[in-house]
Amino acid sequence: MKRGLPFIILLALMLSMLCGCAATEVKEGLGNGWEPVDRMKLDFATEFSVEYYQDGYKLVSIADGSRFLVVPEGMECPKGISRDIVPLYQPIQNIYLAASAAMCLFDAMDRLDAIKLSGTRQQSWHIPNAVKAMEEGKILYAGKYSEPDYEMIMDHHCPLAIESTMIGHASEVKDKLEKLGIAVLVDQSSMEAHPLGRTEWMKLYAALLNEEEKADQLFKQQVEYLNQVLNTEDTGKTVAFFHISSSGYVVARKTGDYVSKMIELAGGHYVFDNLGDPETSTSTVTIEMETFFATAKNADYIIYNSTIGGEIKNLEELMKKSDLLKEFKAVQNGNVWCTNQNMYQETTKLGEMVQSFHKIFSGEADELDELPYLYRLH
C-alpha cells in the first residue's frame, strides 16, 4: 500500500535534521575557514559562479543569492559551513527538471541519465533524446513547475529540482519542495546579458556531474562559431523577428533581448531601436499589426518565430495571418525565414544560431532553403 504524503513529509524533515550541515551566517566562501583552491573560468555568464575546494568539494553560487555545496561521493558535508548553503551529494541523480531550457545542456553532455522527472510533457519536447527517454520511461512527467506531483517526486528520491525563473510566480511550490528536503536551484540563464552566457550555464550543470571537461569543449565550439561571425563585416541589413498571435497581434522580441542581440552579433540590425521596458524581465512586447507594419515594412529580412504558435509551411500560410504582410519588402524579395520549433530548446547551440543568422544577412544563404534552426518560406 502506498504511503501517504504526510508520512513522506515527516520522513523528509527527519532526514534533513540529520544532515549535520551547520551554522554561521556568512555569504562569502564556505564560512568554515576553508579557502578555495580554484575558480571556474567563465567567458560570458555572470549569473553564477563555481569555486573549487579541497578534496573535490565545489561551491555553486547563483545570482539570486542561493548557494549549493557539491559534496563528492562518499564524503560528508563539512562542519561549520554557512547556514544558507544547501548540500548536494554526488552522484546527483533523479533530478526533477522543470527548467525546459536546461534539458539540451544535459543532453549535449550525454547526461540525461541524471534526470528522472520532467516538468514538460513528452509531446512538447523537440529534443530527440528527451523524447526517446520519455518514450522508454527513463524520464517521467511529474507535473509542470506550478503543479508538481510531490508524491511522485518523493517516491523517486529526487534530491534536486531545477526550476526556471517562472517559479517566482509559484513561490509556494518552491517552499514546499524545500520543506520536503528537496534542493531547489533556480536557473537564471534567461537573465544573462550575452546570448552565449545562456549556453555557458552548461558548465554549472557540468560541475554537479563532474563533466567540466566535456562542457568546456562543447562551449568552445559555440564560441568558435561566434568568433567566425565577429571577424566579418557588418552586413547593414535590417531584420524583424516576430510571430502573430491567434488574436491578430504581433508579438516581437524586446530590444536588447537575447534574440535581438544574436541578430546584432550576426551583423544584422533589429528594426526596433527601443521596444519594451529594459527594466522588466519580459522578453516580448505585443503590438498592433499597423504599428508593426509602420516599423518593419521595409526590413530587408523577416524571421517568423514558430516556437509559440507552431511551424508554418509556406508564405501562403503566413499571408493568412495578415494581408498587410504582402506589402513587406522582405516578402516581395523572397527574404522570409522561419524558425524551427526547437529553437528555444537548443540553448546549447546559440553560437551556431548566430552563424545561421549571419549566413542569411550576408547573402551566403541566398541559394539555400534551410539552415540549422531556420528554413526559408516560399
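1. C158 counts as buried because its relative accessibility is 6%, where buried means under 20% relative accessible area, exposed over 50% and partly exposed in between (1.4 Å probe, protein chains only). C338 likewise counts as buried, at 0% relative accessibility. C338 is in no disulfide, and the nearest cysteine sulfur, that of C104, lies 20 Å away. The structure holds zero disulfides, a disulfide being a pair of cysteine sulfur atoms within 2.5 Å.

2. This is a predicted model, in which local features need pLDDT of at least 70 and side-chain atom pairs count only at pLDDT 80 or more, while totals for chains, interfaces and linings use all residues. Residues are numbered from 1 along each chain as its sequence is written, and side-chain values use heavy atoms, with hydrogens and water left out.

3. The mean pLDDT (the predictor's confidence in each residue, from 0 to 100) of the protein chain is 91, and 92% of its residues reach 70 or more. Over residues 1-26 the pLDDT is below 50, and this stretch has 39 contacts in the model beyond near neighbours in sequence; contact means heavy atoms within 4.5 Å. Where pLDDT is low, the predicted coordinates should not be read in detail.

4. The largest nonpolar core contains 57 residues, and F292 and F357 have the most contacts inside it. Such a core is a set of buried Ala, Val, Leu, Ile, Met, Phe, Trp, Tyr and Cys residues joined through side-chain atoms within 4.5 Å. Helix α14 (residues 350-362) supplies the largest share of this core, six residues. A second, separate core of 43 residues includes V60, I92, M109 and I162. Leaving aside neighbours within four places in sequence, F292 is in contact with A240, F242, V250, F272, I287, K297 and F328.

5. Helix α14 is mostly covered, with eleven of its 13 residues buried; among them are G351, E352, Q355 and F357. Helices (H or I, at least four residues) and strands (E, at least two) are DSSP runs, numbered from the N terminus. From first C-alpha to last, α14 reaches 18 Å, close to the 18 Å expected at 1.5 Å a residue, that span being 1.5 Å times one less than the number of residues. Just after α14, G363 takes a positive phi of about 95 degrees.

6. Five strands form an open sheet in the order β8-β7-β6-β9-β10, with parallel pairing; two strands pair if DSSP finds at least two bridges between them. The edge strands, β8 (140-141) and β10 (183-186), each pair on one side only. Strand β9 (residues 160-163) is joined to β10 by four bridges, and E163 stands opposite V186 in β10.
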